[in-house]
Amino acid sequence: MKKYIIYTLLSVLFFSILGCEKNLLEKNPLDQLSSGEFWKSKADFDMALTGVYGQFQNSMFSYGAPNWDALTDNGYGQHNYWGSQAIVQGDISPSSGGYISDVYSACYSGIARINIFLEQLAAFESSDLDQVTRSQYEGEAKFMRGFYYFQLYSHYGSTPLVLETLTLENQIQPKAPEAEVLAQSLADLDSAIANLPDELFSDNGGHAVKTSAQAMKLRVLMFAAYGNTGIPDNGILTQARDLALEIMEAGYVLSPNFDDVFKDGTQEGNPEIVFSIKFLAPDNATPMDQWYGDWLVVSPLQNLVDTFEDDDPRLESTIFADEVNFNGNIHNPSNGLPTGFGVKKFLSPGLMPYGYATQSQQDWVLLRYADVLLMFAEAQNELIGSDQSVYDAVNAIRGRVGMPDLPAGLTKEQMRENIRHERRIELAFEGLRYYDLNRWRIAEDILNNVTDGVLSYTFEERFYQWPIPQAEIDKSQGQLEQNSDY
């Protein structure tokens, strides 16, 4: 029997208007327009595209991404944002809410905007838009849709594929097999790669470029390669390795200063950033400093602190103990530190004291070159073993912060553990640890053995895929079936 779902996205008829120049993503939001008055000129499409980018600012996927590490052995979420505490304790059901329902709804809300944009773009016949611009706009939209379908694939598996604007006539959509959801994400990213400009992200005013789409596709391939077993597929890993090599030839380099990637004032033109989600105070500010520097929304666990090697300066850059201290400039958090530690990585030194009046405008770095190097090293090691190219990639990241090279003569298995260690340290609180544990299929082993968590951890095999939210089941008039383990 076919599986269907009813969406409540028909009301998505508005786009946020943030600006209309090449650097429009760095401007402040102005207002909203009715779609009936829209789609008349290139300026309308510029503004609508910015509205599509604006949906990317959803806190779950941007400045709130560190909270994903509260689902892992890296941290604890004392404020229970997006229901993290229930997930950690194994209380996952179709009615859970939080991440279980919000990822689903956020992705389809973003997809709805993109589908409207693409449909209107295809129907627009004016010479106001030349073919190069049309192709680029399509590529940017599909880059983001590819991201959303990756989220749906990685968290739920089999979900509906919605590729057109929904109406009362077509609001019931079939639930596609997991493989088709993955294929759609990759197809969208391939289209983006073909249509986006071949230049560095820092040179394109905040818009996605070809390498942004390549790096996102690389992330999707690295997740898909491990399937449902944790045993990598060499064919997919070969695609990933070759794609990583292309990105490595594009001109990106590691930022000389690790901290500069994450701090306002040193992100513009940063040679390591492959794609970031833009923010600008005052009207487009975030509570990032308040969340992590004052409220302690995420508290690092002792086992993560202990995982850092002696004298690794990334510990001081990533985590603070007791108080935030930037060269004697100190902020004492108003909330308690349940583990004794807080996240320092994304804090702005110049915005103290952090509080309700703090307006943060650090961009959220979604893709960066260090991650590309680590994904290359992982794929190459699994395919070939620990050859010199693997050493070079990992040692470049370690060398950037003054850490010694890895010891020579590591076996594939030993190098695998070193790469996984390096990912945990280098990418801590960037929202990737949960994905890594899931794709490697080691979440059960790791999470069920956390002994220093504030909560008791429980992870079952079925949690590798989440249930379809019960609200969506209820709206489907009995036609949408739940994932089999729920």
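In which helix does Asp-294 lie? Asp-294 belongs to helix H8, residues 288-294; helices here are DSSP runs of H or I with at least four residues, strands are runs of E with at least two, and both are numbered from the N terminus. Before we go on, note that this is a predicted model, in which local features need pLDDT of at least 70 and side-chain atom pairs count only at pLDDT 80 or more, while totals for chains, interfaces and linings use all residues. Residues are numbered from 1 along each chain as its sequence is written, and side-chain values use heavy atoms, with hydrogens and water left out.

Let us stay with Asp-294 for a moment. Asp-294 is buried but has no salt bridge, and the nearest side chain of opposite charge, Lys-344, is 16 Å away. Buried means under 20% relative accessible area, exposed over 50%, and partly exposed in between, with a 1.4 Å probe and protein chains only. A salt bridge needs a side-chain nitrogen of Lys or Arg within 4 Å of a carboxyl oxygen of Asp or Glu; for charge, Lys and Arg count as positive, Asp and Glu as negative, and His and the chain ends are not counted. What Asp-294 does have is a side-chain contact with Ser-334, a polar one of 2.7 Å (a pair of N or O atoms within 3.5 Å; within protein, one must be able to donate a hydrogen and the other to accept it, and residues adjacent in sequence count only if both atoms are side-chain atoms).

Now move along to helix H12, residues 388-400. Its 13 residues reach 18 Å from first C-alpha to last, close to the 18 Å expected at 1.5 Å a residue, where the expected span is 1.5 Å times one less than the number of residues. The buried residues of H12 include Val-390, Tyr-391 and Arg-400, and the buried set packs against helix H10, strand S12, helix H11 and helix H13 (contact means heavy atoms within 4.5 Å). Just after H12, Gly-402 takes a positive phi of about 80°.

Arg-400 leads us on to helix H13. Its side chain meets that of Glu-426 in a salt bridge of 2.9 Å, N to O. This pair links H12 to H13 across 26 residues, and both partners are buried.
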